Amino acid sequence: MINIKDNIDKIKAQIQQACQQSARLIPVTELPKPLLENSSPVSLLAVSKTKPATLIEQAYLAGQKDFGENYLQEAVEKITQLAHLPELTWHFIGPIQSNKTKLIASNFSWVHSVDREKIALRLNQHIQDDDCHDTPLNICLQVNISNEESKSGIDVSEVFTLAKVINNCDKLTLRGLMAVPEKNANSACYEKMQLLFEQLKKQYPSVDTLSLGMSNDLEQAVAHGSTMVRIGTAIFGSRTNKT
Ligand SMILES: *Cc1c(COP(=O)(O)O)cnc(C)c1O
């Protein structure tokens with residue numbers, strides 16, 4: 001049987017080690033408190049798509065509070081099942097259809113996969129109309145960093161235009177950037193993301209998140225300034241049908 005707690009501990013150790021190896025020596029005084037406690041500037045998002053609520057609960061009992069989901073219907077079922085657990089934070093990381101924005105706005109605290117103005121404006125509008133959030137919805141722009149035809153994400157050249165739109169939305173907080181580099185992407189791709197993130201951070205004080213790195217490229221992502229890695233397989237095991 002899969003031991004979720006062991007897997008989470010291993011990933012945390014791997015993140016620590018990656019931080020040390022890449023000499024991300026952030027002065028201790030500048031770290032926010034929760035980060036000081038586990039002494040890593042990189043937070044862990046557990047990607048639970050296709051996995052049952054029982055496994056998510058095991059991760060929760062091991063101290064994990066942030067979970068990422070890609071498929072809305074499936075996610076909403078699990079969010080409902082786990083509503084009794086305090087302090088669970090749900091992140092939507094999958095492709096967004098514009099007719100699904102309402103359900104996303106009402107169920108999630110973060111959306112990492114915003115790549116169109118229309119989606120941003122609709123999310124903002126739903127929160128305004130439904131009053132379903134005490135705090136603004138946290139937004140990362142998804143960047144198509146590998147220039148893949150099939151991938152979601154906005155072109156690099158349009159990042160700052162979309163960032164401005166989001167920053168002007170009352171009910172959205174621009175937190176940063178997200179990317180899914182293609183398999184075996186070279187380091188130039190990660191460097192581009194790092195640079196974009198640094199530029200965006202200078203313009204907008206609310207920007208503090210580079211959502212980059214999955215089970216297979218965690219080290220490379222951390223070396224290039226990732227502040228949040230999204231880990232599925234290494235925590236919950238491989239996925240059979242959907243990916
Ligand atoms: C599935 C998925 C992940 C997790 O990938 P693993 O390789 O299982 O760690 C991270 N980010 C996104 C956007 C995903 O769709």
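Me: How far does a polar side-chain atom of Ser215 lie from an oxygen atom of the ligand?

Reply: In this predicted model, local features need pLDDT of at least 70 and side-chain atom pairs count only at pLDDT 80 or more, while totals for chains, interfaces and linings use all residues. Residues are numbered from 1 along each chain as its sequence is written, and side-chain values use heavy atoms, with hydrogens and water left out.

The distance for Ser215 is 2.5 Å, within the limit for a polar contact (a pair of N or O atoms within 3.5 Å). Asn70 has a side-chain N or O atom 2.7 Å from an oxygen atom of the ligand, and for a polar side-chain atom of Arg239 the corresponding value is 2.8 Å. Taken alone, the ligand exposes 380 Å², of which the protein buries 90%; such areas come from the Shrake-Rupley method with a 1.4 Å probe.

The ligand is surrounded by 13 residues, where a residue counts if one of its heavy atoms lies within 4 Å. The closest are Lys49, Asn70, Ser215, Arg230 and Thr233. By class, this shell has six nonpolar, four polar and three charged residues, with Asp, Glu, Lys and Arg counted as charged and Gly among the polar ones.

The ligand sits in the second largest pocket, meaning that more than half of its atoms lie within 2 Å of the pocket's grid points. A pocket is an open set of points on a 1 Å grid over the protein atoms alone, where a 1.4 Å probe fits, with protein on both sides within 12 Å along at least five of seven lines; lining residues have an atom within 4 Å of a point. This pocket has a volume of about 860 Å³, the space filled by probe spheres set on the points. Its lining comprises 30 residues, with Lys49, Lys151, Val180, Pro181 and Met214 nearest the centre.

Definitions and conventions: Polar contact = N/O pair within 3.5 Å; in protein donor to acceptor, adjacent residues only side chain to side chain.
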